[in-house]
Amino acid sequence: MRTTLLTLAAIFWLAGCADPSGITDPVVENPKPIELTIEASHMSEAQADDRSLGKGDDQEMALVPASAPNAVWSNALDRSTIVVDTATGRILRVRLSLVPRAERGRDTSQLLMRRLVLEIDSSADVRLDGDERMLVHGQAFIVLRAMGMGGIVVYRIVRITADSADIPRELQDSIYCKLKLWRTSKRTIVFKLSLQHFVLVERQGDRDLRRLRASVLGEVPLVR
């Protein structure tokens with residue numbers, strides 16, 4: 001009888017070793033996604049230009065995060081952030097809001113681009129793999145300054161998309177919005193954004209087709 005009990009005990013012990021879940025629930029470590037704030041100090045390069053295709057004149061401007069305290073059109077509440085799942089490398093959300101860096105007191109009436117915004121969520125399937133994603137379905141948009149009726153300044157939003165009726169068909173293939181993100185060995189996340197779009201502007205009864213282009217490069221410390 002004693003031999004039988006010892007045999008049964010050994011069988012149950014071996015079964016428990018073969019299937020740990022029979023003893024206790026498995027422990028799975030899944031770190032919470034972290035939110036990283038993009039500040040002006042994280043920007044290595046952020047440039048934009050506004051070129052008239054008909055007249056040939058162009059404007060170049062540096063861009064800074066919209067929350068930068070010294071920017072002319074800054075807004076402390078308009079933060080630029082990246083939310084990343086460090087376990088899978090998936091980007092869950094990106095909001096990048098940039099404004100031209102212009103000195104206060106300077107005549108900025110000729111600046112057409114007043115704000116550049118990129119907004120994507122996890123449905124864009126962006127990962128920290130360094131692959132370049134094309135985002136031309138409205139995830140990025142530009143806020144433009146324009147003159148309305150009676151000389152009133154108005155602002156309009158133009159989304160980066162290739163199906164605008166105002167853009168000549170031969171230029172639609174030149175519209176792009178590209179985003180790359182990757183993680184470095186120095187525990188930082190590098191992001192690179194480049195875009196080009198065309199807009200039709202009316203000034204003093206004159207219709208002007210303009211090309212808007214921007215390039216952004218930054219590196220954010222990956223702080224848990």
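**Surface, elements and charged pairs**

The chain exposes about 13,300 Å², and carbon and sulfur atoms supply 51% of that area. Accessible areas here come from the Shrake-Rupley method with a 1.4 Å probe, and for residues only the protein chains shown count as cover.

Before going on: this is a predicted model, in which local features need pLDDT of at least 70 and side-chain atom pairs count only at pLDDT 80 or more, while totals for chains, interfaces and linings use all residues. Residues are numbered from 1 along each chain as its sequence is written, and side-chain values use heavy atoms, with hydrogens and water left out.

Of the 224 residues in the chain, 41% count as buried. Buried means under 20% relative accessible area, exposed means over 50%, and partly exposed is in between, again with a 1.4 Å probe and protein chains only.

The chain has 1 helix and 12 strands. These are DSSP runs numbered from the N terminus, helices being H or I of at least four residues and strands E of at least two. Starting at the N terminus, the order is α-β-β-β-β-β-β-β-β-β-β-β-β. Taking contacts between residues at least 6 apart in sequence, 61% join residues at least 24 apart; a contact means heavy atoms within 4.5 Å.

Now the charged pairs. Side chains of opposite charge can pair when their charged atoms come close. How many salt bridges does the structure hold? There are 10, counting a side-chain nitrogen of Lys or Arg within 4 Å of a carboxyl oxygen of Asp or Glu.

One of them joins R93 and E35, with the closest N and O atoms 3.3 Å apart. R93 is in strand β5 (residues 90-100) and E35 in strand β1 (residues 34-38), so this pair ties together parts 58 residues apart in sequence. R93 is partly exposed at 39% relative accessibility, and E35 is partly exposed at 42%.

Next, R210 and D50, whose side chains meet in a salt bridge at 2.7 Å, N to O. R210 lies in strand β12 (residues 206-221) and D50 in strand β2 (residues 43-52), 160 residues apart. Are these two residues buried or exposed? Both R210 and D50 are buried.

R210 also forms a salt bridge with D208, the closest N and O atoms being 2.5 Å apart. R210 has 4% relative accessibility, and D208, at 10%, counts as buried. Elsewhere, salt bridges that share partners join D78, R95, R115 and E119 into one network.
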